[in-house]
Amino acid sequence: MDAQEGTQQSQQLILAHKVFLLKHRDVPDIEKVRLKDEVLNTVKSNDMTPYYENLVADKVLDLEHSVLDPMRAKNEEEIKKLDEKIADAEENLGESEVREAHLAKFLYFIQIGEKEKALEQLKVTENKTVAVGQKMDLVFYSLQIGFFYMDFDLISKSIDKAKNLFAKGGDWERKNRLKVYEGLYCMSTRNFKKAANLFLDSISTFTTYELFPYDTFIFYTVLTSIISLDRVSLKQKVVDAPEILTVIGKIPHLSEFLNSLYNCQYKSFFLAFAGLTEQIKLDRYLHLHFRFYMREVRTVVYSQFLESYKSVTIEAMAKAFGVTVEFIDQDLSRFIAAGKLHCKIDKVAGVLETNRPDAKNALYQATIKQGDFLLNRIQKLSRVIDL
């Protein structure tokens, strides 16, 4: 894929995002007209015959033989040339030239969107590759294929393969890049805590521009950190982080979202959160987790507010958040029923009473429970031994 090196996002991933927006029901029709033209132009400029056929099957694009037939002819011609180069290299040149010829064919299959043949050619190219660094580069290509098609099984296997390669050696630059790839995978599969930790580890060493721009990386880092870190860690690693401070102002609503939470300005927080919802819904990696993320954020902010009180009126809480008493009442009821918030509602008095669990008492109870379990196992084992 292009943009493997440098500071430009992969054209394939840009294309995948545009296709995602074309399929999204919340994108206006007039915007989809522009996106459709851009997608078709990208497909034609890269002769992406297999991908074009997939888009036609998904009813994203219309079938035009005047587009399809010339692309197919170019594909056949180019693949023939690549096969001739491979044959010539195997007959007349050395091992490195043979590897480069196979690599060129692999990259061409990626370019035209021929996933299965690309993965087959990847195996051939891997067998011709000796250096750990070059093998790692192939893994990054396979990861990009995985994110292009949102193939989480391929992504997971590629990450495991990369870690095994690093056990044999590897430079820090590639190790740091892998953290961002793994972080994106974790975020896409709803493991926000691990994603936040991986992103935060990569803030000062970010070079994976082929995945997304640095602004987008900071956007993901802040979103995942807010629902994953405690208040002290959030202050140290996110709120005061110079790398984040230099960029966060460029991203609409994100600075207000982060700082209003930390500064307990709950009304401003809800307003900023409302402004971010559209960005989250239209994000290719986050949209499936939109409702989950909404719930987690509200759990964090409600818990922070209630932390300061033994009891508080529902009216005072509603005023602090800039919402109605009915909304707060209904919202809190759902979270309390789900065990997300440790409090109870006195409807008659219109008061919230917190009943935060004592950490030491909880640990004591857990120890007793585990001790009972262990004693039962020992008793069962002793009966077996006696027999």
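Visitor: What counts as a helix here?
Guide: Helices (H or I, at least four residues) and strands (E, at least two) are DSSP runs, numbered from the N terminus. This is a predicted model, where local features need pLDDT of at least 70, side-chain atom pairs count only at pLDDT 80 or more, and totals for chains, interfaces and linings use all residues. Residues are numbered from 1 along each chain as its sequence is written, and side-chain values use heavy atoms, with hydrogens and water left out.

Visitor: OK, where is Ser225?
Guide: Ser225 sits in helix α11, which covers residues 214-226.

Visitor: Buried or exposed, that Ser225?
Guide: Ser225 is buried, at a relative accessible area of 0%. Buried means under 20% relative accessible area, exposed over 50%, and partly exposed in between (1.4 Å probe, protein chains only).

Visitor: What does the Ser225 side chain reach?
Guide: The side chain of Ser225 comes to 2.6 Å from the backbone oxygen of Thr221.

Visitor: New topic. How many salt bridges does a search of the whole structure find?
Guide: The search finds 24 salt bridges. Each has a side-chain nitrogen of Lys or Arg within 4 Å of a carboxyl oxygen of Asp or Glu.

Visitor: Why would such side chains pair at all?
Guide: Side chains of opposite charge can pair when their charged atoms come close.

Visitor: Which residue forms a salt bridge with Asp83?
Guide: Lys105 does, at 2.7 Å from N to O. The pair links distant parts of the chain, with Asp83 in helix α4 (residues 65-92) and Lys105 in helix α5 (residues 95-112), 22 residues apart. Asp83 is partly exposed at 35% relative accessible area, whereas Lys105 is buried at 13%.

Visitor: What about Arg174, which residue is its partner?
Guide: Arg174 has a salt bridge with Asp137, and their closest N and O atoms are 3.0 Å apart. Arg174 lies in helix α9 (residues 172-188) and Asp137 in helix α7 (residues 132-149), so the bridge ties together parts 37 residues apart in sequence. Arg174 is buried, with a relative accessible area of 18%, and Asp137 is buried with a value of 18%.

Visitor: Now cysteines. How many disulfides does the search find?
Guide: Zero, where a disulfide is a pair of cysteine sulfur atoms within 2.5 Å. Cys264 is in no disulfide, and the nearest cysteine sulfur, that of Cys343, is 17 Å away.

Visitor: Are those two buried or exposed?
Guide: Cys264 is partly exposed, with a relative accessible area of 36%. Cys343 is buried, at 5% relative accessibility.

Conventions. Polar contact = N/O pair within 3.5 Å; in protein donor to acceptor, adjacent residues only side chain to side chain.
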